[in-house]
Amino acid sequence: MSKSFHINTILAQAGIKSDEATGALVTPIHFSTTYQHPEFGQSTGFDYTRTKNPTRSKAEEVLAAIESAKYALVTSSGMSAIVLAFSVFPVGSKVLAVRDLYGGSFRWFNQVEQEGRFHFTYANTEEELIAELEKDVDVLYIETPTNPLMLEFDIEKLSKLAHAKGAKVVVDNTFYSSIYQRPIEDGADIVLHSATKYLAGHNDVLAGVVVTDNAELYEKLFYNLNTTGAVLSPFDSYQLIRGLKTLSLRMERSTANAQEIVAFLEQSPAVKEVLYTGRGGMISFKVADEKRIPHILNTLKVFSFAESLGGVESLITYPTTQTHADIPAEVRHSYGLTDDLLRLSIGIEDARDLIEDLRQALEG
(Lines give C-alpha, C1' and ligand atoms only; values in the text may rest on other atoms or scores of the structure.)
Protein backbone atom coordinates (compact mmCIF):
# COMPACT_ATOMS: atom_id res chain seq x y z
CA MET A 1 0.00 0.00 0.00
CA SER A 2 1.52 3.28 -1.11
CA LYS A 3 2.11 5.94 1.52
CA SER A 4 0.60 8.40 -0.99
CA PHE A 5 -2.84 7.29 0.22
CA HIS A 6 -4.37 8.84 3.32
CA ILE A 7 -3.64 7.00 6.54
CA ASN A 8 -7.17 5.64 7.08
CA THR A 9 -7.10 4.02 3.64
CA ILE A 10 -3.66 2.53 4.24
CA LEU A 11 -4.83 1.06 7.54
CA ALA A 12 -8.16 -0.33 6.33
CA GLN A 13 -6.50 -1.98 3.35
CA ALA A 14 -3.48 -3.27 5.25
CA GLY A 15 -2.19 -6.40 3.57
CA ILE A 16 -5.10 -6.94 1.19
CA LYS A 17 -4.63 -8.04 -2.43
CA SER A 18 -1.20 -9.36 -1.56
CA ASP A 19 -1.69 -13.00 -2.63
CA GLU A 20 -1.50 -13.05 -6.41
CA ALA A 21 -1.56 -16.87 -6.53
CA THR A 22 -5.06 -17.22 -5.09
CA GLY A 23 -6.49 -13.71 -4.95
CA ALA A 24 -7.04 -14.05 -1.18
CA LEU A 25 -8.16 -10.72 0.25
CA VAL A 26 -6.56 -11.30 3.67
CA THR A 27 -2.79 -11.56 4.03
CA PRO A 28 -1.78 -15.24 4.19
CA ILE A 29 0.23 -16.46 7.15
CA HIS A 30 3.47 -17.92 5.80
CA PHE A 31 4.73 -20.34 8.43
CA SER A 32 7.53 -21.82 6.37
CA THR A 33 10.96 -21.17 7.85
CA THR A 34 12.75 -21.80 4.56
CA TYR A 35 12.02 -21.16 0.89
CA GLN A 36 12.89 -23.07 -2.23
CA HIS A 37 15.17 -21.42 -4.77
CA PRO A 38 13.73 -21.49 -8.32
CA GLU A 39 17.17 -22.33 -9.69
CA PHE A 40 20.77 -22.15 -8.61
CA GLY A 41 21.69 -18.50 -8.11
CA GLN A 42 18.05 -17.37 -8.00
CA SER A 43 15.79 -16.32 -5.13
CA THR A 44 12.14 -15.40 -4.72
CA GLY A 45 13.30 -12.66 -2.36
CA PHE A 46 12.68 -14.99 0.58
CA ASP A 47 15.33 -17.48 1.67
CA TYR A 48 15.05 -17.96 5.43
CA THR A 49 12.31 -16.54 7.62
CA ARG A 50 14.64 -14.95 10.18
CA THR A 51 15.92 -12.76 7.36
CA LYS A 52 12.62 -12.09 5.66
CA ASN A 53 9.10 -13.48 5.87
CA PRO A 54 6.22 -12.62 3.49
CA THR A 55 3.69 -11.97 6.27
CA ARG A 56 6.16 -9.91 8.29
CA SER A 57 7.10 -7.94 5.19
CA LYS A 58 3.46 -6.93 4.68
CA ALA A 59 3.26 -5.64 8.24
CA GLU A 60 6.47 -3.67 7.72
CA GLU A 61 5.18 -2.11 4.49
CA VAL A 62 2.08 -0.80 6.25
CA LEU A 63 4.02 0.48 9.28
CA ALA A 64 6.50 2.36 7.10
CA ALA A 65 3.67 3.91 5.09
CA ILE A 66 1.71 5.22 8.10
CA GLU A 67 4.88 6.74 9.57
CA SER A 68 5.72 8.50 6.28
CA ALA A 69 8.92 6.49 6.03
CA LYS A 70 10.57 4.16 3.53
CA TYR A 71 11.56 1.38 5.92
CA ALA A 72 10.20 -0.48 8.93
CA LEU A 73 11.27 -3.57 10.84
CA VAL A 74 9.07 -5.45 13.28
CA THR A 75 10.61 -7.15 16.27
CA SER A 76 9.66 -9.56 19.02
CA SER A 77 8.84 -6.83 21.60
CA GLY A 78 9.01 -3.11 22.24
CA MET A 79 12.19 -3.56 24.25
CA SER A 80 13.86 -5.52 21.44
CA ALA A 81 12.99 -2.60 19.16
CA ILE A 82 14.86 -0.22 21.50
CA VAL A 83 17.85 -2.54 21.67
CA LEU A 84 17.87 -2.84 17.87
CA ALA A 85 17.69 0.93 17.39
CA PHE A 86 20.69 1.49 19.67
CA SER A 87 22.66 -1.26 17.94
CA VAL A 88 23.50 1.14 15.10
CA PHE A 89 25.32 3.58 17.42
CA PRO A 90 28.99 3.07 18.32
CA VAL A 91 30.05 1.96 21.77
CA GLY A 92 30.76 5.03 23.87
CA SER A 93 28.08 7.17 22.23
CA LYS A 94 26.77 10.02 24.37
CA VAL A 95 22.99 9.83 24.70
CA LEU A 96 20.79 12.70 25.84
CA ALA A 97 17.39 11.40 26.97
CA VAL A 98 14.23 12.79 28.50
CA ARG A 99 14.10 12.06 32.23
CA ASP A 100 10.53 10.74 32.37
CA LEU A 101 10.79 7.37 30.66
CA TYR A 102 9.13 3.99 30.59
CA GLY A 103 10.69 1.94 33.39
CA GLY A 104 11.88 -0.80 31.03
CA SER A 105 13.73 1.74 28.91
CA PHE A 106 15.41 3.18 32.01
CA ARG A 107 16.35 -0.32 33.20
CA TRP A 108 18.12 -1.12 29.92
CA PHE A 109 19.73 2.33 29.68
CA ASN A 110 21.06 1.92 33.21
CA GLN A 111 22.41 -1.55 32.42
CA VAL A 112 24.27 -0.59 29.26
CA GLU A 113 25.69 2.50 30.94
CA GLN A 114 27.07 0.37 33.77
CA GLU A 115 28.60 -1.90 31.14
CA GLY A 116 30.27 1.11 29.52
CA ARG A 117 28.45 0.79 26.22
CA PHE A 118 26.75 4.21 26.27
CA HIS A 119 26.85 7.35 28.41
CA PHE A 120 23.50 8.90 29.37
CA THR A 121 22.51 12.41 30.37
CA TYR A 122 18.89 13.10 31.36
CA ALA A 123 16.85 16.29 31.10
CA ASN A 124 13.48 17.06 32.66
CA THR A 125 12.20 19.80 30.36
CA GLU A 126 12.53 20.95 26.78
CA GLU A 127 14.59 23.91 27.97
CA GLU A 128 17.01 21.55 29.69
CA LEU A 129 17.26 19.41 26.55
CA ILE A 130 18.07 22.49 24.46
CA ALA A 131 20.77 23.52 26.94
CA GLU A 132 22.30 20.03 26.92
CA LEU A 133 22.32 19.98 23.12
CA GLU A 134 24.94 22.72 23.28
CA LYS A 135 27.30 20.05 24.59
CA ASP A 136 28.75 16.93 22.97
CA VAL A 137 25.77 14.68 22.08
CA ASP A 138 25.61 11.73 19.68
CA VAL A 139 22.02 10.59 20.17
CA LEU A 140 18.90 12.43 21.34
CA TYR A 141 16.24 10.06 22.72
CA ILE A 142 12.71 11.37 23.22
CA GLU A 143 9.46 9.92 24.52
CA THR A 144 6.61 12.26 23.70
CA PRO A 145 4.25 12.22 25.45
CA THR A 146 6.34 10.80 28.26
CA ASN A 147 5.38 7.81 30.35
CA PRO A 148 3.66 8.49 32.71
CA LEU A 149 3.85 12.28 33.28
CA MET A 150 2.51 13.05 29.78
CA LEU A 151 5.10 15.72 28.94
CA GLU A 152 5.24 16.72 25.27
CA PHE A 153 8.34 17.81 23.36
CA ASP A 154 8.73 19.69 20.09
CA ILE A 155 10.25 17.03 17.83
CA GLU A 156 10.87 19.37 14.90
CA LYS A 157 12.68 22.00 16.98
CA LEU A 158 14.78 19.46 18.87
CA SER A 159 15.61 17.50 15.71
CA LYS A 160 16.98 20.62 14.01
CA LEU A 161 19.13 21.45 17.02
CA ALA A 162 20.37 17.87 17.34
CA HIS A 163 21.20 17.56 13.65
CA ALA A 164 23.10 20.83 13.79
CA LYS A 165 25.35 19.14 16.37
CA GLY A 166 25.64 15.98 14.28
CA ALA A 167 23.42 13.93 16.58
CA LYS A 168 20.80 11.37 15.55
CA VAL A 169 17.25 11.62 16.91
CA VAL A 170 15.28 8.62 18.19
CA VAL A 171 11.61 9.05 19.15
CA ASP A 172 9.38 6.59 20.99
CA ASN A 173 5.94 7.14 19.44
CA THR A 174 4.05 4.47 21.38
CA PHE A 175 1.59 6.74 23.23
CA TYR A 176 0.33 8.75 20.24
CA SER A 177 0.82 6.19 17.48
CA SER A 178 0.97 7.26 13.85
CA ILE A 179 -2.56 8.67 14.11
CA TYR A 180 -1.57 11.68 16.20
CA GLN A 181 2.15 11.99 15.48
CA ARG A 182 4.59 11.04 12.72
CA PRO A 183 8.07 11.99 13.97
CA ILE A 184 9.80 11.19 10.67
CA GLU A 185 7.92 14.14 9.17
CA ASP A 186 9.36 16.31 11.95
CA GLY A 187 12.94 15.25 11.37
CA ALA A 188 13.45 12.18 13.57
CA ASP A 189 15.97 9.64 12.27
CA ILE A 190 14.48 6.58 13.97
CA VAL A 191 10.97 6.04 15.35
CA LEU A 192 10.09 3.30 17.82
CA HIS A 193 6.84 1.71 18.92
CA SER A 194 5.92 -0.92 21.38
CA ALA A 195 3.45 -2.41 18.89
CA THR A 196 2.09 -4.45 21.77
CA LYS A 197 0.17 -1.31 22.64
CA TYR A 198 -1.96 0.80 20.27
CA LEU A 199 -0.74 -0.60 16.97
CA ALA A 200 -1.84 -4.18 17.68
CA GLY A 201 -4.47 -2.90 20.08
CA HIS A 202 -5.95 -6.05 21.62
CA ASN A 203 -3.53 -7.12 24.36
CA ASP A 204 -2.74 -10.34 22.52
CA VAL A 205 0.45 -9.55 20.59
CA LEU A 206 3.95 -8.80 21.88
CA ALA A 207 5.77 -6.77 19.22
CA GLY A 208 8.03 -3.82 18.49
CA VAL A 209 8.62 -1.56 15.50
CA VAL A 210 11.66 0.38 14.28
CA VAL A 211 11.05 2.87 11.47
CA THR A 212 13.47 5.03 9.49
CA ASP A 213 13.63 6.99 6.27
CA ASN A 214 17.42 6.73 6.15
CA ALA A 215 18.72 3.99 3.83
CA GLU A 216 22.10 3.73 5.56
CA LEU A 217 20.51 3.33 8.98
CA TYR A 218 18.04 0.80 7.60
CA GLU A 219 20.80 -1.38 6.17
CA LYS A 220 22.52 -1.45 9.57
CA LEU A 221 19.25 -2.16 11.36
CA PHE A 222 18.31 -4.92 8.93
CA TYR A 223 21.74 -6.54 9.21
CA ASN A 224 21.67 -6.42 13.02
CA LEU A 225 18.12 -7.78 13.25
CA ASN A 226 18.95 -10.64 10.90
CA THR A 227 22.09 -11.35 12.90
CA THR A 228 20.50 -11.31 16.34
CA GLY A 229 17.16 -12.80 15.30
CA ALA A 230 14.65 -10.95 17.50
CA VAL A 231 12.06 -11.00 14.71
CA LEU A 232 8.28 -11.18 14.94
CA SER A 233 6.66 -14.54 14.20
CA PRO A 234 4.43 -14.96 11.12
CA PHE A 235 1.29 -15.41 13.22
CA ASP A 236 2.00 -12.35 15.36
CA SER A 237 2.74 -10.40 12.18
CA TYR A 238 -0.69 -11.34 10.89
CA GLN A 239 -2.29 -10.36 14.21
CA LEU A 240 -0.50 -7.03 14.06
CA ILE A 241 -1.80 -6.37 10.54
CA ARG A 242 -5.34 -7.18 11.66
CA GLY A 243 -5.04 -4.85 14.65
CA LEU A 244 -3.73 -2.01 12.49
CA LYS A 245 -6.90 -2.01 10.42
CA THR A 246 -8.87 -0.45 13.29
CA LEU A 247 -6.10 1.75 14.72
CA SER A 248 -7.67 5.04 13.66
CA LEU A 249 -11.12 4.09 14.94
CA ARG A 250 -9.74 2.88 18.25
CA MET A 251 -7.63 6.00 18.78
CA GLU A 252 -10.60 8.25 18.03
CA ARG A 253 -12.83 6.37 20.49
CA SER A 254 -10.25 6.18 23.26
CA THR A 255 -9.55 9.89 22.86
CA ALA A 256 -13.24 10.78 23.06
CA ASN A 257 -13.60 8.61 26.16
CA ALA A 258 -10.45 10.03 27.73
CA GLN A 259 -11.65 13.60 27.29
CA GLU A 260 -14.87 12.81 29.16
CA ILE A 261 -13.00 10.99 31.91
CA VAL A 262 -10.56 13.89 32.34
CA ALA A 263 -13.51 16.26 32.79
CA PHE A 264 -14.79 13.99 35.57
CA LEU A 265 -11.40 13.55 37.26
CA GLU A 266 -10.76 17.30 37.30
CA GLN A 267 -13.94 17.76 39.35
CA SER A 268 -13.41 14.82 41.71
CA PRO A 269 -12.51 15.74 45.31
CA ALA A 270 -10.43 12.54 45.48
CA VAL A 271 -8.07 13.78 42.74
CA LYS A 272 -5.54 16.58 43.20
CA GLU A 273 -3.92 16.67 39.73
CA VAL A 274 -4.73 15.35 36.25
CA LEU A 275 -2.07 14.89 33.57
CA TYR A 276 -3.45 14.71 30.02
CA THR A 277 -2.34 16.23 26.72
CA GLY A 278 -5.82 16.56 25.17
CA ARG A 279 -5.55 13.65 22.78
CA GLY A 280 -4.90 9.95 22.97
CA GLY A 281 -6.11 7.46 25.54
CA MET A 282 -3.43 7.86 28.22
CA ILE A 283 -4.24 9.74 31.43
CA SER A 284 -2.27 10.00 34.65
CA PHE A 285 -3.64 11.48 37.86
CA LYS A 286 -2.55 12.00 41.44
CA VAL A 287 -4.91 11.09 44.24
CA ALA A 288 -5.55 13.31 47.22
CA ASP A 289 -5.01 10.45 49.68
CA GLU A 290 -2.20 8.10 48.68
CA LYS A 291 -3.22 5.59 51.37
CA ARG A 292 -6.46 4.89 49.46
CA ILE A 293 -4.68 3.56 46.38
CA PRO A 294 -5.04 -0.14 47.35
CA HIS A 295 -8.76 0.42 47.97
CA ILE A 296 -9.14 2.16 44.61
CA LEU A 297 -7.36 -0.60 42.73
CA ASN A 298 -9.27 -3.36 44.51
CA THR A 299 -12.66 -1.71 44.07
CA LEU A 300 -12.67 -1.05 40.33
CA LYS A 301 -14.96 -3.34 38.33
CA VAL A 302 -14.70 -2.18 34.71
CA PHE A 303 -11.06 -1.06 34.74
CA SER A 304 -8.56 -3.92 35.04
CA PHE A 305 -5.58 -3.47 37.36
CA ALA A 306 -2.83 -4.54 34.97
CA GLU A 307 0.34 -3.41 33.27
CA SER A 308 0.50 -2.36 29.61
CA LEU A 309 -1.75 0.00 27.67
CA GLY A 310 -3.31 0.70 24.31
CA GLY A 311 -5.83 -2.15 24.14
CA VAL A 312 -9.59 -2.00 23.63
CA GLU A 313 -10.03 -2.71 27.35
CA SER A 314 -9.44 0.04 29.89
CA LEU A 315 -6.57 -0.58 32.32
CA ILE A 316 -5.27 1.10 35.46
CA THR A 317 -1.61 0.86 36.41
CA TYR A 318 0.30 1.85 39.54
CA PRO A 319 3.75 2.80 38.15
CA THR A 320 5.39 2.73 41.58
CA THR A 321 5.00 -1.05 41.86
CA GLN A 322 4.55 -1.98 38.20
CA THR A 323 5.91 -0.28 35.07
CA HIS A 324 8.43 2.00 36.81
CA ALA A 325 9.41 -0.11 39.82
CA ASP A 326 13.00 -0.43 38.56
CA ILE A 327 13.56 3.31 38.78
CA PRO A 328 14.92 4.15 42.27
CA ALA A 329 12.34 5.99 44.38
CA GLU A 330 14.58 9.03 44.91
CA VAL A 331 15.03 9.37 41.15
CA ARG A 332 11.30 8.98 40.44
CA HIS A 333 10.32 11.46 43.11
CA SER A 334 12.89 14.02 41.91
CA TYR A 335 11.07 14.53 38.63
CA GLY A 336 7.48 14.21 39.81
CA LEU A 337 6.72 10.50 39.51
CA THR A 338 5.47 10.23 43.06
CA ASP A 339 3.74 7.36 44.83
CA ASP A 340 0.32 9.04 44.60
CA LEU A 341 0.18 8.68 40.81
CA LEU A 342 -2.07 6.27 38.91
CA ARG A 343 -2.05 5.77 35.13
CA LEU A 344 -5.09 5.01 33.01
CA SER A 345 -5.20 3.47 29.55
CA ILE A 346 -8.64 4.29 28.23
CA GLY A 347 -10.29 1.73 25.97
CA ILE A 348 -13.38 1.76 23.79
CA GLU A 349 -16.05 0.96 26.38
CA ASP A 350 -18.92 3.36 27.07
CA ALA A 351 -17.45 6.41 28.81
CA ARG A 352 -20.41 6.55 31.20
CA ASP A 353 -19.55 3.13 32.60
CA LEU A 354 -15.88 4.02 32.95
CA ILE A 355 -16.69 7.26 34.77
CA GLU A 356 -19.11 5.55 37.14
CA ASP A 357 -16.51 2.88 37.88
CA LEU A 358 -13.94 5.52 38.75
CA ARG A 359 -16.47 7.46 40.82
CA GLN A 360 -17.41 4.53 43.03
CA ALA A 361 -13.76 3.58 43.54
CA LEU A 362 -12.42 7.07 44.17
CA GLU A 363 -15.23 8.48 46.21
CA GLY A 364 -16.91 5.42 47.69
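Biologist: In which hand of crossing does α10 pass α13?

Modeller: Happy to start there, with the reminder that this is a predicted model. The two helices span residues 247-267 for α10 and residues 351-363 for α13, and their axes come within 10 Å. As α10 passes α13, the crossing is right-handed.

Biologist: Thanks! Are α10 and α13 roughly parallel or roughly antiparallel to each other?

Modeller: Their axes cross at roughly 30°. Angles under 35 degrees count as roughly parallel. The two helices, α10 and α13, are therefore roughly parallel.

Biologist: Which residues of α10 and α13 make the contact, and how many of each class does it have?

Modeller: On the α10 side, Asn 257, Glu 260, Ile 261, Phe 264 and Leu 265 take part. From α13 come Ala 351, Leu 354, Ile 355, Leu 358, Arg 359, Leu 362 and Glu 363. Sorted by class, this contact has eight nonpolar, one polar and three charged residues.

Biologist: Let's turn to α3 and α4. Is α3 roughly parallel or oblique to α4?

Modeller: Helix α3 covers residues 78-86 and helix α4 residues 103-114, with axes that come within 10 Å and cross at roughly 40°. That angle makes α3, relative to α4, oblique.

Biologist: And which residues make that contact, and what classes do they fall into?

Modeller: The crossing of α3 past α4 is right-handed. Met 79, Ile 82, Val 83 and Phe 86 of α3 meet Gly 104, Ser 105, Trp 108 and Phe 109 of α4. By class, the α3 contact with α4 has six nonpolar, two polar and no charged residues.

Biologist: Now for the open spaces. How much space lies in the largest pocket, and which elements give two or more residues to its lining?

Modeller: The largest pocket holds about 390 Å³ of space. Its lining has 23 residues, and Gly 78, Tyr 102, Thr 174, Ser 194 and Lys 197 lie nearest the centre. By class, the pocket lining has eight nonpolar, ten polar and five charged residues. The elements giving two or more residues to this lining are α3 and β6 (190-194).

Biologist: How many cavities of 30 Å³ or more does the structure hold, and which residues line the largest cavity?

Modeller: There is one cavity of 30 Å³ or more, and about 40 Å³ of space lies in the largest cavity. By class, its lining has five nonpolar, four polar and one charged residues. The residues lining the largest cavity are Tyr 198, Arg 250, Met 251, Ser 254, Gly 310, Gly 311, Val 312, Ile 346, Gly 347 and Ile 348.

How values were computed. Residues numbered from 1 in each chain as written. Predicted model: local features only at pLDDT ≥ 70, side-chain atom pairs only at ≥ 80, totals over all residues. Heavy atoms only, no water. Axes fitted to C-alpha atoms, helices over the stretch in contact; angles between N-to-C directions. Helix = DSSP H or I, 4+ residues; strand = E, 2+ residues; numbered from the N terminus. Parallel < 35°, antiparallel > 145°, perpendicular 65-115°, else oblique. Left-handed = near helix turned anticlockwise from the far one by under 90°. Contact = heavy atoms within 4.5 Å. Nonpolar A, V, L, I, M, F, W, Y, C, P; charged D, E, K, R; others polar. 1 Å grid on protein atoms, 1.4 Å probe; cavity = no way out; pocket = protein on both sides within 12 Å on 5 of 7 lines; lining within 4 Å. Points joined across faces, edges and corners; volume = space filled by probe spheres on them.
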